[in-house]
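Visitor: I have a protein model open and would like to go through it with you. Could we begin with the backbone?

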Amino acid sequence: MCGIVGIIGHEFKVTDLIDGLKKLEYRGYDSAGLAAVNGQELFLSKSVGRVDTLRSVVEENKVIKGGIAHTRWATHGAPSDRNAHPHTDCTGKIAVVHNGIIENYQELKTELIQKGHKFKSETDTEVITHLIEENYKGDLYKAVLDTLKVLKGAFAIAVIHSDHPNVMVGARKGSPLVVGCNNELCVLASDVTPIIKYTRDVVFLEDGDVVFIEGNKMRITDFSGNTVIRKHTNITWDESAAEKGGFKHFMLKEINEIPESIESALVGRFDDDYNPVMHELDEFNIEKIKRILLVACGTSYHAGLVFKYFAEKYLNVDVLIDVASEFRYRPIRIDDETLTIAISQSGETADTLESIRAVKRAGGKVVAISNVVGSTITRESDVTLYMNAGPEIGVAASKTYVNQLILLYTLALYMIKKRNLWTEEHKNIAKQIVSSANLIKKIISNKEIEKVSDHYKNYQHFMYIGRGVNTATALEGALKLKEISYINAVGYPAGELKHGPIALLDPTFPVFAIAPKDSLYEKMRSNIEETRARNARILTIATEGDTEIQKISHDVLYVPEVHEDLYPLIIAPVIQLFAYYIADKRGYDPDKPRNLAKSVTVE
């Protein structure tokens with residue numbers, strides 16, 4: 001996610017804003033900028049690249065009374081100086097930084113242009129600045145409140161005005177924002193790391209909060225202006241721990257960010273009646289598609305496999321899925337009824353990129369699913385569906401895998417709707433996707449996962465098994481365990497056991513069975529019995545209320561009941577947490593597994 005820092009009150013130097021941004025670099029970003037008030041003049045500095053680049057173009061020792069700074073992770077508009085934050089209004093007096101996505105920015109922008117406002121960037125954020133300008137009648141706080149009433153989506157914002165050098169206004173809806181004050185000044189930030197230099201007494205704003213800061217005093221209200229009381233928290237972490245939000249590793253932090261990540265992925269994706277929305281594909285003649293080619297690597301491949309099962313179940317299409325490193329070296333048959341989907345978290349995966357180029361040379365159309373705006377794959381594809389998961393520091397994919405699933409389910413539902421195949425069942429699936437963040441929040445808080453992992457930390461081998469759509473879950477679970485704990489973990493469709501893999505099983509080779517209550521549940525029970533007969537220890541993921549599974553398992557982890565096609569989504573954090581705890585208990589750093597890189601940019 002983007003990083004926000006705002007300081008107001010006693011005189012300080014521009015370098016303090018820069019130093020605050022440096023403490024947010026772990027969040028990942030593509031550009032940086034700041035706006036500050038010197039006297040009653042607002043000055044602005046922005047640059048693509050690192051915070052140190054910004055430092056080189058500003059007067060660090062310049063004394064100011066208020067300022068806001070930002071590191072941007074692009075969502076609207078490629079990384080550039082003009083798209084970097086802060087954004088200013090037509091008068092040049094108002095500056096805004098923003099983390100999140102404004103869902104209705106396009107209609108707001110159209111209205112503002114009709115009123116004479118001039119836009120300088122491609123971002124959704126700039127509409128906030130011009131709306132505040134439109135609503136400003138001498139009271140910055142009231143102008144912000146009036147603006148918040150028309151914004152849809154997720155956001156955290158900080159606002160300053162050169163006519164009010166001692167005032168800053170912040171607001172939160174869906175994106176984090178923290179504030180702390182000492183005897184001289186107040187600091188507003190998207191995390192505690194820039195604040196604890198000044199005070200360890202902070203307030204974590206809640207959704208729907210607005211903070212009005214004047215000098216070293218703050219007042220918190222709701223969006224209607226009613227005062228609210230929020231508890232103060234004393235921060236005891238050191239700065240390195242604070243970067244991880246108090247978590248031991250980035251991977252654990254990012255798994256805990258999955259609910260928030262899902263909310264970001266879902267912004268604008270379903271209307272009020274749960275109909276899927278993908279305007280990017282409205283001109284794509286989805287109704288005519290009879291064959292889908294899907295190319296990806298690693299975790300992205302497993303997300304694609306879930307899509308294959310789901311799409312083929314409800315659509316009259318064949319979905320052919322390939323590992324990109326193989327796809328690029330075989331004959332590619334493309335026609336007007338073929339759609340290619342390429343999945344890459346980084347947007348720079350070399351094999352996936354070359355596969356896209358091969359499809360384009362053959363005259364095909366490509367829809368990319370990526371997390372990085374402006375990456376090579378997004379530039380070379382016809383359309384990109386963005387995950388909006390924010391930066392992921394841990395090498396092993398966690399929240400990005402979940403957001404891939406969210407987008408792929410939504411894409412399939414969009415195709416179902418466009419083909420007039422929509423039923424009440426599909427609406428129910430859509431409802432459960434929209435509410436999945438709350439379910440996953442409950443799953444992540446389950447302490448049983450860590451407790452159970454203690455039983456398995458010393459094994460050197462592991463087998464994951466699943467059936468149907470959860471074959472992909474088994475493959476992904478095995479990949480997670482092997483890449484961060486270095487256990488020889490293998491994944492198989494459970495029906496394949498008798499065709500070879502069962503020969504591996506004995507008391508030293510435990511089995512992780514994915515067995516929710518779905519249409520293949522009884523088949524899966526039989527497969528578990530087969531593994532138990534070989535004296536293998538059994539860990540099973542099952543649906544809440546299934547007590548029978550306990551009779552044939554040594555350990556059981558439960559997940560809430562959902563539509564059977566959505567189990568890969570809600571089981572994902574379970575297999576991630578299990579792998580994380582095993583790696584940690586074995587003394588390995590799950591954030592930096594040996595021999596692996598976050599983005600594979602070579603063949």
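Visitor: Where does Pro 86 lie?
Guide: In this predicted model, Pro 86 belongs to the loop that runs between β4 (63–72) and β5 (87–88). The peptide bond leading from His 85 into Pro 86 is cis, and its omega is near 0°.

Visitor: Why point that out?
Guide: Because most peptide bonds are trans, and most residues other than glycine have a negative phi.

Visitor: Then what is the phi of Tyr 486?
Guide: Tyr 486 has a positive phi of about 65°, although it is not a glycine. Its place is in the loop between α17 and β21.

Visitor: And what about Asn 595, what is its phi?
Guide: Asn 595 is a residue other than glycine, and its phi is also positive, near 70°. This residue is found in the segment after α19 (567–585).

Visitor: Is Asn 595 buried or exposed?
Guide: Asn 595 is exposed, because its relative accessible area is 78% and the cut-off for exposed is over 50%.

Visitor: Back to α17 and β21. What unit do they make with β20?
Guide: Together, β20, helix α17 (residues 471–485) and β21 form a right-handed β-α-β unit.

Visitor: In which sense do β20 and β21 pair?
Guide: Strand β20 (residues 461–466) and strand β21 (residues 488–493) pair in the parallel sense, over six bridges.

Visitor: Which residue stands opposite Gly 466?
Guide: That is Pro 493, in β21.

Visitor: New topic: Glu 529. Where is its place?
Guide: Glu 529 is part of helix α18, which covers residues 521–532. It is partly exposed, because its relative accessible area of 37% falls between the limits of 20% for buried and 50% for exposed.

Visitor: How far apart are Glu 529 and Ile 552?
Guide: They are separated by 23 residues in sequence, and their C-alpha atoms are 6.8 Å apart in space.

Visitor: Now the whole chain. How many helices and strands are there?
Guide: The chain has 19 helices and 24 strands. Its C-alpha trace spans about 80 × 55 × 45 Å along the principal axes.

Visitor: What does the radius of gyration agree with?
Guide: It agrees with a compact globule, because a globule of 603 residues would have a radius of gyration near 25 Å and the chain has 25 Å.

Visitor: What share of the residues is buried?
Guide: Buried residues make up 60% of the 603 residues. The chain exposes about 23,100 Å², and carbon and sulfur atoms supply 46% of that area.

Terms used. Residues numbered from 1 in each chain as written. Predicted model: local features only at pLDDT ≥ 70, side-chain atom pairs only at ≥ 80, totals over all residues. Heavy atoms only, no water. Pairing = 2+ DSSP bridges. Helix = DSSP H or I, 4+ residues; strand = E, 2+ residues; numbered from the N terminus. Right-handed = clockwise from strand over helix to strand, strands pointing away. Buried < 20%, exposed > 50% of the residue type's maximum accessible area, 1.4 Å probe, protein only. Rg over C-alpha atoms; globule rule 2.2 N^0.38 Å. Areas by Shrake-Rupley, 256 points an atom, 1.4 Å probe, with all protein chains shown as cover.
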